[in-house]
Amino acid sequence: MTEGPRAIVEAISFSDNQPFPAKRLQEQMETRLPGLFARGPFRQDALDRDLRVLTAFYRSQGYPDAVVGPADVQFSADRRGVRIAIPIQEGPRLAVGAVSVEGAGVLSPAEVLAALPFKPGDPWTVGGEAEAHRSIARLYAQKGYLGAQAAIETIRHEDRADILIRIREGAQTRVGRILIGGLVLTREYVVRRELPFAPGDPWNPEVLADTERRLSALGLFDRVQIGPLQPPPAPFADVEITIREGRPWRVEVGGGYGTDQGWRGILEVGNDNLFGTGQSASAREKLTNYGDRTDLTYRLPWLLGTRLKGDLGLFREYRDQFGYKLDQAGFGTGVERTLLPVPFKDLYRLRLGLRYQLAWVRQYDVSSSLETGGADAIVPGSQIVAKISPVVTLDYRDSVVDPKHGSFHTISVDLAGAYLGSQADFVKSNMETKWFFEWPWQTTLALGARLGLATPYGSSNALPSQERFYAGGSTTIRGYPQDKVGPLDKNGNPFGGNALTVGNLEWRFPIWRWLSGVAFMDTGALTADVGSFRLSDFKTGAGGGLRITTPIGPVRFDAGYALNPIENMGRWQFYIAIGHAF
């Protein structure tokens, strides 16, 4: 068998394609001309599929009588080149005319019309009619009318199709008893308080399916099944919830490497269902090259019988900072309310939080160059720092781990004073916004901005060192060493600052399956206070990197180049971390 030469598409033309330009039609096709990312091979089976796709495209745009093809295929003399001519007879365009509803009693005709996938003037398609059936059935099912039926009659004129929808609503089904089975350790009220429905409510299959997901997301159960989603026609139907409990105890061990903290290891032991109440307690130890931290945490998913989430924790920490060492220990408590849930996802658009923390902090082995830093000096000694922190977060990202579109915004304020039990008085605010846009070729444009402002007041002349802002590194301004942007002592140790501004820009693009790349530019400034801010303080870095997709998020490797280098520090910096930079 002789294969012969490989044929390449040289030209694709269309005849009588008046409604759409040739470029738009070619975008629907698998057969392509040679280009940067395509060699343009000719395959008859692909061309046959393209003709069917183009026919479906025309009909989706309101041309129900459109006929595409057959294609005229002409080979060159050496059979290495192919020229394709595709005839198109689109026929008249049919638009949706008047739409009327008969038989709607439970819902108004306006409510039914609002649920339809078309409106007068839109292209009329057979697919739109099928989608209308599904939309009406879903709308009535949300009210408990599971057997509602809609007959759609299309009256065709020359250039329009009038639509008459006749509805037979049937009888309503309501929730009867709620039966819960399979609980061994967990108390029944833990399940019942999560249910958004009660006996007598309209039977809504979507609510039942979402409740199944919400119960699974609690982390208490290995399996949750709620049914039946489509009960037999009856005035009342029982909801059956079948549960298989998970093991309450867990032990988690992890480790990794990041350029900000070096090698790290984590050990956590916890019980996620204390005494069958759904409350949890855990002990966590984290070790890094530059310190360690211990946390004991107790969490309440329902605080005082409300949807407020609460937690109470004890902690201790040791950190080997640039130019000094720090020990701290204390406790913290907080409440959080999540609002605006995303249907069928474990996501909430709005989060409101309030925290209180009291810590005993000690600084020692302080470099003499940091001690002589004037008002921003870091001096050895200890003090109690107590603060209250409200925070508001608005999250419209499509994914928390690897967003492609949407936005994220947060604002927080830390307020410390003697009236809270603190020996340091200060106000600190932090604002952050991130935006993600889908670009051509499955790429993403990501933009981020951060603004931090702080000031001491009362008897304090400066913020505690651990409360100051720091910049430079893999999550702020790449191209610069960790925390080295801003005021430094003569040995290059950072003082930190009270005024921070950072801007980030990334273009994220796929390379191959689980491998992707980025090109980025970061800029920002850190100053001792707002009054000393100058444009010359801005430091900018640019570079690129690779991302490896993993179940816990992207593992990233970045190389940043400092456009405004710091004296005695290299222009190139390399970073390894888990998760996106912003």
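Buried means under 20% relative accessible area, exposed means over 50%, and partly exposed lies in between (1.4 Å probe, protein chains only). Keep that scale in mind for the whole tour. The model is predicted, so local features need pLDDT of at least 70, side-chain atom pairs count only at pLDDT 80 or more, and totals for chains, interfaces and linings use all residues. Residues are numbered from 1 along each chain as its sequence is written, and side-chain values use heavy atoms, with hydrogens and water left out.

**Stop 1: G276**

Select G276. Is G276 buried or exposed? G276 is buried, because its relative accessible area is 0%. G276 lies in the loop between β12 (262-271) and β13 (280-288). Helices (H or I, at least four residues) and strands (E, at least two) are DSSP runs, numbered from the N terminus. Now show the contacts of G276, where contact means heavy atoms within 4.5 Å. Leaving out residues up to four places away in sequence, G276 touches L185, T186, R187 and V190. Then select E158. The C-alpha atoms of G276 and E158 are separated by 68 Å, and the two residues are 118 apart along the chain.

**Stop 2: helix α4**

Select residues 126-141, helix α4. The expected span of a helix is 1.5 Å times one less than its number of residues. Colour the buried residues of α4: G128, A132, S135, I136, L139, Y140 and A141. An α-helix has 3.6 residues a turn, so residues three or four places apart point the same way. What do the buried residues of α4 pack against? They pack against α3 (109-115), β6 (149-156), β7 (160-168) and α6 (205-217).

**Stop 3: two cis peptide bonds**

Go to G69 and P70. A cis peptide bond joins them, with omega about 0°. P70 sits in the loop between β2 (67-68) and β3 (72-75). Next, pick G227 and P228. Here too the peptide bond is cis, and omega is about -5°. P228 is in the loop between β9 (221-227) and β10 (236-245).

**Stop 4: positive phi**

Select L304. L304 is not a glycine, yet its phi is positive, about 55°. Look for L304 in the loop between β14 (291-300) and β15 (309-321). L304 counts as exposed because its relative accessibility is 80%. Move on to W441, in the loop between β20 and β21 (443-456). Phi of W441 is also positive, near 60°. W441 counts as exposed because its relative accessibility is 68%.

**Stop 5: paired strands**

Two strands pair if DSSP finds at least two bridges between them. Select β17 (residues 348-364) and β18 (residues 381-395). They pair in the antiparallel sense over 14 bridges. Find R355: its bridge partner in β18 is S389. β18 and β19 run antiparallel and are joined by 7 bridges. The bridge partner of V391 in β19 is S412.

**Stop 6: a nonpolar patch**

Select W435, F437, W439, L447, L505, W507, M521 and L563, which make a nonpolar surface patch of about 740 Å². Patches are made of residues with over 30% relative accessible area and no salt bridge: like charges are joined within 9 Å, nonpolar side chains (Val, Leu, Ile, Met, Phe, Trp, Tyr) within 5 Å. A salt bridge is a side-chain nitrogen of Lys or Arg within 4 Å of a carboxyl oxygen of Asp or Glu. Accessible areas come from the Shrake-Rupley method with a 1.4 Å probe; for residues, only the protein chains shown count as cover. Which strand gives the largest share of the patch? β20 does, with 3 residues. Zoom in on L505, in strand β22. L505 is partly exposed because its relative accessible area is 37%.
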